[in-house]
Amino acid sequence: MLSTRTDGPFDYASLAHVAHRPWPKPSRPWVMTQTWTDLLFAHWPTSPDQVAPHIPDGLDLDLFAGTAWVGVVPFRMSNVSARGVPNLPGLSAFPELNVRTYVTRAGKPGVFFFSLDAYNRAAVHTARMLFNLPYHFARMDVARRRRMIHYSSTRDNGEAEFEAVYWPVGDTFTAAPGSLDAFLTERYCLYTPSRSGQIRRLDIHHRPWALQSASARILKNSMTQHLFADMPPLVLHFSERQDVVAWLPERT
């Protein structure tokens, strides 16, 4: 069940905000819009030796003060559409949940996804087929009650579950350059291997994250069991909305 909260149309004005980027936007046309809402960044510090075996050859772990970080990120998607194509009922809005760490290649830090779960079979199939991303279909229930987000996800094969209640705390802020907050959130590409093992980079663009601290009750989490034992996350951030454009992947 999706929240009844209206997310509104895509904010194309975000395309003009570029001063914060670590490298220029790609010169070729972007191909897709997405709006991310009611998003939680839940992060755990962990040993690089624990994470490194799960990273493909050609990528280096990106560390903060010698520590690797693993994130679980639940949110809702809307305005998911190819450039020039209107939103389509049943296809352009759905919940998503990803498990990630941080990597770098050729001086460009980015995200590496261990898994992505979505409540949209067409999106799962398309992302697997076109981008070789590790998407899975999951049955999800998301609702906003006052300021609290109630989020649950169960992968269709029953292998992975996540259930949490989370909410923002305090004022909105932008992460300071060089801070842990920025390291965990300000990422402008993802990396994924092709079926032949060639590393590809998929660039994205958005405004700087409007963050708040967050609190959460994580009731179930088997998303990260292959990476470390179950424990509370150390760092939590909330963001109400982010408008994103994405480019097709390119070889690096």
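**A walk through rings, a loop and a surface patch**

Arg187 sits over the face of Phe183, 4.5 Å from the ring centre. Keep in mind as you look around that this is a predicted model.

From charges over rings, let us turn to rings beside rings. The structure holds 11 aromatic pairs. One of them joins Trp36 and Phe75, whose ring centres are 5.6 Å apart; the planes meet at 55 degrees, so the pair is tilted rather than edge-to-face, a label kept for angles over 60 degrees. Trp36 belongs to strand 1 (residues 32-46) and Phe75 to strand 3, so this pair ties together parts that are 39 residues apart in sequence. Are these two residues buried or exposed? Trp36 has a relative accessible area of 14% and is buried, and Phe75 is buried too, at 3%.

Now move along to Phe41 and Trp209. Their ring centres lie 5.0 Å apart with the planes at 80 degrees, so this pair is edge-to-face. Here the link spans distant parts of the chain: Phe41 is in strand 1, while Trp209 is in the loop between strand 10 (199-205) and strand 11 (211-221), 168 residues apart. Phe41 counts as buried because its relative accessibility is 1%, under the 20% cut-off. Trp209, with a relative accessible area of 2%, is buried as well. Taken together, Trp36, Phe41, Phe75 and Trp209 are linked by ring pairs into a cluster.

Next, have a look at Asn132, in the loop between helix 2 (121-131) and strand 6 (135-145). This residue is partly exposed, with a relative accessible area of 24%. Which residues does Asn132 touch, leaving aside its neighbours within four places in sequence? The contacts are Ala127, Thr192, Pro193, Ser194, Arg195 and Arg200.

Val85, Leu88 and Leu91 make a nonpolar surface patch of about 230 Å². Val85 is placed in the loop between strand 3 (68-82) and strand 4 (94-105). With 40% relative accessibility, Val85 counts as partly exposed, since that class runs between 20% and 50%. The value is also over the 30% that a residue needs to be part of a patch.

Note on methods: Residues are numbered from 1 along each chain as its sequence is written. This is a predicted model: local features need pLDDT of at least 70, side-chain atom pairs count only at pLDDT 80 or more; totals for chains, interfaces and linings use all residues. Side-chain values use heavy atoms; hydrogens and water are left out. Patches are made of residues with over 30% relative accessible area and no salt bridge: like charges are joined within 9 Å, nonpolar side chains (Val, Leu, Ile, Met, Phe, Trp, Tyr) within 5 Å. Accessible areas come from the Shrake-Rupley method with a 1.4 Å probe; for residues, only the protein chains shown count as cover. A salt bridge is a side-chain nitrogen of Lys or Arg within 4 Å of a carboxyl oxygen of Asp or Glu. Helices (H or I, at least four residues) and strands (E, at least two) are DSSP runs, numbered from the N terminus. Buried means under 20% relative accessible area, exposed over 50%, partly exposed in between (1.4 Å probe, protein chains only). Rings of Phe, Tyr and Trp (its six-membered ring) pair if their centres lie within 6.5 Å; planes under 30 degrees apart count as stacked, over 60 as edge-to-face and the rest as tilted. A charge sits over a ring if NZ of Lys or CZ of Arg is within 6 Å of the ring centre and within 35 degrees of the ring normal. Contact means heavy atoms within 4.5 Å.
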